[in-house]
Amino acid sequence: MKKIVLIISVLMLCLCACSPAVKDVALKDVSEKIMSDVALEDPFDIGSEWVANTYGVKVEDIKQCAAVVNMVGIFPDEAVMFEAIDSAAADRLAARCESRLNDLKSQAENYDPESYATFKKCKVVRKGNYVAVFISAKTEEMQRIFEESFK
Amino acid sequence: MIYKAPRNKRILSVALLLLATVICLSGCITTYPDEGEEGHESYATVSKPDANSSAPVISQDVSDEQSVEVGTTSDEPSDEPSGDVSEATSSESQESNPGEQSEVPSGLIDANGNEIPVADLISDPEGTVPKNAPVDASYFDDAVFIGDSISQMLSYYEARYDELGKAQFLCAQSLGAGSSLHNRLNPVYGGEQRRLCESIPMTGAKKVYVMLGVNDLGSYNYYYCMKNFEDLMLEILEAAPDVKIYVQSMTPISVKGSTYLTHTDIYNAQTIKRYNVGLAELCREHGWYYLNVASAYADEYGYLPDECVSDPGPKGMGIHFTYDACKRWIEYLFTHAPQD
């Protein structure tokens, strides 16, 4: 009997441990906080249509999305966040974000060294089914706001 | 009857339980090679997915300053299969290339061989689409805009203010006719960099608005600027024969832009005018529409006014637009739709 209880306990612990306990977050709130807290020049919410076209993501993979950009400099700041419908969709979205980042690196390489150096510091961030990329000199600030929203 | 396990077995069970818990917890946390701060997961940056999508290579004979700020996407590439692009970026190379192309195009020199007044640098070249009554935004529903970072700004403006109907955008920073034609850099469509002759048909657009130039002028002499542009348009038309080409002039630069971008042999009001006159000639030859967008901006000396510049010098390039300048651009497009 004790063995059975033990096995069940272990299984339950396994199940609990494997379920990502990520808090539900409204990405629009996060984007608004980025716009208010990070010193960006005239940021605005560019909308999911632009994101879908630019990132080449499947709309059916997305539960929610928020994107902030501005129109300053050669490579404007860009903060894009997704919540995927499931883990597999999150993988696909992360790959698209990675691709976008690499495209911008390609464009900046040999063209705008300052932006290229910035892009090299940027990375795709994932929290459960949430995926984000912050392509900006302020990437760390944006990432911190994103992560703090899950606490 | 209660079974009582021996003490060592109980210890073993507890140890197993703890071990299993630790394994489960650690197994469910994905660790990536480039993991950053605690509390988030990050993906390591991957290398370029496709050699064809690599960034243009800087020409060896371009100064560092030029290669940095001008975005000299030199297309002279030793690996160029066609071998047709052998020009250098310097003005010297511009003189050393095909003689017939080094002639100053008509419109810059008057009949007596005198340079035309600077004020005329913004005048419409022959064949320019004239000003008409404004069209509806729906006119742009089947339009796609091709361009570099200047057009990219317009795409951001459009995403924010939604004034150009359902227009689509195929833009990339540092895009030029040469880099696109030789597939060193192309805009992303559907999440992938594609040649324009591939992506334009995918958009379903029937009106193709093109604005390129600033990245070509820094990389090619006049002859190849024109040749690459023409070849690119012909390649697009071969893939999408039912589209209409709307060539937009290169827009002016600011006198307060980076010092090595402005007032050089490569970038000044005269070279931009020359480039635009060349585009207008191509348009007349092929029956494409020519839109002198530059005329909406240039000051009396052919330069971009301060209030239009979002990246003034000396650190900025002095070529990118403010919101108001984008609005001016859109107003120009609305009032310069061909009537035929």
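This is a predicted model: local features need pLDDT of at least 70, side-chain atom pairs count only at pLDDT 80 or more; totals for chains, interfaces and linings use all residues.

Trainee: Okay, N70(A). Where is it found in chain A?
Mentor: N70(A) sits in the loop between β2 (62-69) and β3 (78-84) of chain A.

Trainee: Is N70(A) buried or exposed?
Mentor: Buried. Its relative accessible area is 1%, and the cut-off for buried is under 20%.

Trainee: What does the side chain of N70(A) reach at 3.2 Å?
Mentor: The backbone oxygen of E41(A). The N70(A) side chain also makes a polar contact of 2.9 Å with the side chain of D77(A).

Trainee: And which residues is N70(A) in contact with, leaving aside neighbours within four places in sequence?
Mentor: Among them are L40(A), D42(A), P43(A), F44(A) and P76(A). Chain B contributes Y156(B) to that list.

Trainee: Switching to helix α5 of chain A. Which of its residues are buried?
Mentor: Helix α5(A) covers residues 113-121, and its buried residues are S115(A), T118(A) and F119(A). Seen down the helix axis, they fall within an arc of 100°, so they line one face.

Trainee: What do those buried residues of α5(A) pack against?
Mentor: Two elements of chain A: α4 (87-108) and β5 (130-135).

Trainee: Which residues are exposed on the other side of α5(A)?
Mentor: K120(A) and K121(A).

Trainee: Now chain B. What's the strand order in the open sheet?
Mentor: It runs β3-β2-β6-β7-β8, five strands with parallel pairing.

Trainee: Why is one side of β3 and of β8 left without a neighbour in that sheet?
Mentor: Because β3 (168-171) and β8 (289-291) of chain B stand at the edges, and each has a single partner strand. On average, neighbouring strands of this sheet are turned by 20° against each other, direction ignored.

Trainee: How many bridges join β2 and β3 of chain B?
Mentor: Four, in the parallel sense; β2(B) spans residues 143-147. In one of these strands, β3(B), F169(B) is the bridge partner of F145(B).

Trainee: Which strands does helix α4 of chain B touch?
Mentor: Helix α4(B), residues 149-161, packs on the sheet and touches β2, β3 and β6 (207-211) of chain B. Its direction makes about 150° with that of β3(B).

Trainee: And helix α9 of chain B, what does that touch?
Mentor: Helix α9(B), residues 269-286, packs on the sheet against β7 (244-248) and β8 of chain B. The direction of α9(B) makes about 155° with that of β8(B).

Key
Residues are numbered from 1 along each chain as its sequence is written. Chains are lettered from A and ligands numbered from 1 in the order in which they are written. Side-chain values use heavy atoms; hydrogens and water are left out. Buried means under 20% relative accessible area, exposed over 50%, partly exposed in between (1.4 Å probe, protein chains only). A polar contact is a pair of N or O atoms within 3.5 Å; within protein, one must be able to donate a hydrogen and the other to accept it, and residues adjacent in sequence count only if both atoms are side-chain atoms. Contact means heavy atoms within 4.5 Å. The arc is that of the directions from the helix axis to the C-beta atoms. Two strands pair if DSSP finds at least two bridges between them. Axes are lines fitted to C-alpha atoms, for helices over the stretch in contact, and angles run from 0 to 180 degrees between N-to-C directions.
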